[in-house]
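Reader: I am new to this structure and would like to learn how to read it. Please take me through its features in turn.

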Amino acid sequence: MKRILCLLLIVTLFLIPCSSVSAWTSFRNEEGRSEANTIHAATPINTNTTGPRWKKRFSQSMGSVMNSTPVITEKNIYIVSKNVLYKTDKEGTILTTLQLCASMNSMCHMASDGKSLYIPLGGGLLQCVDMDTMTLVWTSESFGGQSLTTVYIHNGLVYAGTTNGDGSEGCYYCVRAEDGKTRWSYQNETFPCGYYWSGAVSATLPAEDCLLFGGDNGILVSHSLTSDQVYDTLDLSSITGSKGKIRAGITYDAASNAFYTTSNNGYLYQIRMGENGNFDMVNSVFLGDSADKTVNCTSTPTIYNSRIYVCSYFDNAGRISVIDAGTMHTVYTATTGTADIKSSPLVSTGYATEENHRRVYVYFTQNTLPGGIYYIEDSSVAESAEIKTLYEPKNNPQFCLQSLAADTEGTLYYSNDSGTFFAVHEGFAANDILPSPSPTTPADSSVSPNMPADSINKTGTNTDPSLSLKPDNKDLASGVSPKKKLRPGKPSRIKIKKKKNHNGKYKVTLSWKKGNHSKKTQIKIKGKKLKTVSGSKYTLSLKKGVHTILLYGYISPSQKSSAVRIRFRVS
């Protein structure tokens, strides 16, 4: 009888619908295991019949608009645009929305553990949202700056990083998935840097598991998963003799038992770890043909069947390189026109068999108009390939920084900088002729000096919606240029110095860099206004304990930036 009851219970559990079973959990579907950014479904390969099953533009703002990378489950799709989280069904119908506490930055690589979403937002915030109920669970403390890294989840902990506009300052941090409480925060005091488009991955080692991540100082870090302890660091310029920034994630490959990443000066690295979390052996290969030509690479490598696929920009042309993981020698490269390729390649193994030498299709986007999908066909015996066009939007052309996602049916998903989200599959070519709003360049396309360099596309248009200046439609219709209304930027580079006074209190001095266009900075503590100062320094007296201070960029009472929240302990 007990066996029958157990069997009935198991069957019942399998029959309970679970809308949060994830098919694509994060940017590149990175979960710390082998075969990240690969999909085993049969993806579209026929250009003539491929088109959007559906497409949707969540924001009607003019100019460039960025969406987050999607999280895709069996039944639903989750995507952020500006400061709103959207939950749609697989046909693109919006089911519900949730307003978030801040806008996303120019990139938003959220992640899911199957029941919750962890969303990185402006100001160095992380918000946790219940996927089924679309309700807020918690908001982390503010770590400051922009949230441009990939969120990584492992054993109940969530990892992400922050950066300022030029990548010179930031931190990497760990919070608990259950309540958002901070476990640790890391900054390199000797060589400070931001973490800009980079990502982390866990390494399972005989003696001590660790977290690997890199930043704009070109240094790889091996860090404890749970505590504020660094096991080892490695300056990649010591391997190549050339200084570069790590603006890519890290990929693990079980076959070679190694980790792979790139630096923006055009090198691919193979890293093997020692048992105590130390860097044991590192190999590298240059992604260009000659050292006197410039290479730029922000692409995270994808690995399948001992072949590494990575995109770059070499000698004024986009290219994809195919590299042997065993020898770290380039098998071949395929080159496109003058388009930079920022994306990380998606590899489809849905057609691979022993008979066709494990034929795969490798998809990527290009950072140029019209912002479509391109691919190569490769196999274990291929020695060359031609870049082919799979799909190019007719009504929503724009530049494209994003990589592709896929579901178990083989549908490809991505957004270009028009803010349009595409679900692309074979048999839907006719759908692309439907009318749809075209992107329009803003009348004011001036670039904020605090804006990240990579948030500006080739046309000079700002691709970060949280920083864009929106023209008035009425003025455009009349042909009159709208008057620019300045938006004060947030304070940045905030530093705190503490000194104990004789009366038991502490003298706390705040210093900061004023936000763009901000004439003053307004300071609040415990919800009360302290001071509106024209300088960049303020000293106050505080008791021992934990304090939260808010700083606003300020022009007038009606022209204030959103708050930068600083939480710190005085002791």
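Author: Start with the word contact, which means heavy atoms within 4.5 Å. The model is predicted. In it, Leu-212 touches Gly-199, Ala-200, Val-201, Ala-203, Val-221, Ser-222, Ile-250, Phe-259, Met-273 and Phe-279, with residues up to four places away in sequence left out.

Reader: How many helices and strands are in the chain, and what share of its residues counts as buried?

Author: The chain has three helices and 43 strands. It consists of 571 residues, and 56% of them count as buried. Among contacts in the chain with a separation of 6 or more, 54% are between residues 24 or more positions apart.

Reader: How many aromatic pairs does the structure hold?

Author: Ring pairs are judged by the distance between centres and the angle between planes. The structure holds 20 aromatic pairs. Take Tyr-195 and Phe-213: their ring centres are 5.8 Å apart and their planes stand at 75 degrees, so this pair is edge-to-face. Tyr-195 is in the loop between β15 and β16 while Phe-213 is in strand β17, so the pair ties together parts 18 residues apart in sequence. Tyr-195 and Phe-213 are both buried. Tyr-267 and Phe-286 make a tilted pair, at 5.1 Å centre to centre and 50 degrees between the planes. Ring pairs also link Tyr-172, Tyr-186, Tyr-195 and Phe-213 into a cluster.

Reader: Are Tyr-267 and Phe-286 buried or partly exposed?

Author: Buried means under 20% relative accessible area. Tyr-267 has 16%, so Tyr-267 is buried. Phe-286 has 21%, and therefore counts as partly exposed.

Reader: How many salt bridges does the count come to?

Author: A salt bridge needs a side-chain nitrogen of Lys or Arg within 4 Å of a carboxyl oxygen of Asp or Glu. By that rule there are 16 salt bridges. Asp-378 and Arg-307 form one of them, at 3.0 Å from N to O. Asp-378 belongs to strand β31 (residues 373–378) and Arg-307 to strand β26 (residues 307–314), so the pair, 71 residues apart, links distant parts of the chain. Both Asp-378 and Arg-307 are buried. Arg-359 bridges to Glu-377, with the closest N and O atoms 3.4 Å apart. Here Arg-359 is partly exposed, at 29% relative accessible area, and Glu-377 is also partly exposed, at 35%. Arg-53, Glu-91 and Glu-409 are linked in a network of salt bridges.

Reader: Where does Asn-217 lie, and what does its side chain reach?

Author: Asn-217 sits in the loop between β17 and β18. With 7% relative accessibility, Asn-217 counts as buried. Its side chain reaches the backbone oxygen of Phe-191 at 2.9 Å. Apart from neighbours within four places in sequence, Asn-217 is in contact with Asn-188, Phe-191, Cys-193, Lys-243 and Gly-244. Of these, Lys-243 also forms a salt bridge with Asp-235, at 3.1 Å from N to O.

Note on methods: Residues are numbered from 1 along each chain as its sequence is written. This is a predicted model: local features need pLDDT of at least 70, side-chain atom pairs count only at pLDDT 80 or more; totals for chains, interfaces and linings use all residues. Side-chain values use heavy atoms; hydrogens and water are left out. Helices (H or I, at least four residues) and strands (E, at least two) are DSSP runs, numbered from the N terminus. Buried means under 20% relative accessible area, exposed over 50%, partly exposed in between (1.4 Å probe, protein chains only). A polar contact is a pair of N or O atoms within 3.5 Å; within protein, one must be able to donate a hydrogen and the other to accept it, and residues adjacent in sequence count only if both atoms are side-chain atoms. Rings of Phe, Tyr and Trp (its six-membered ring) pair if their centres lie within 6.5 Å; planes under 30 degrees apart count as stacked, over 60 as edge-to-face and the rest as tilted.
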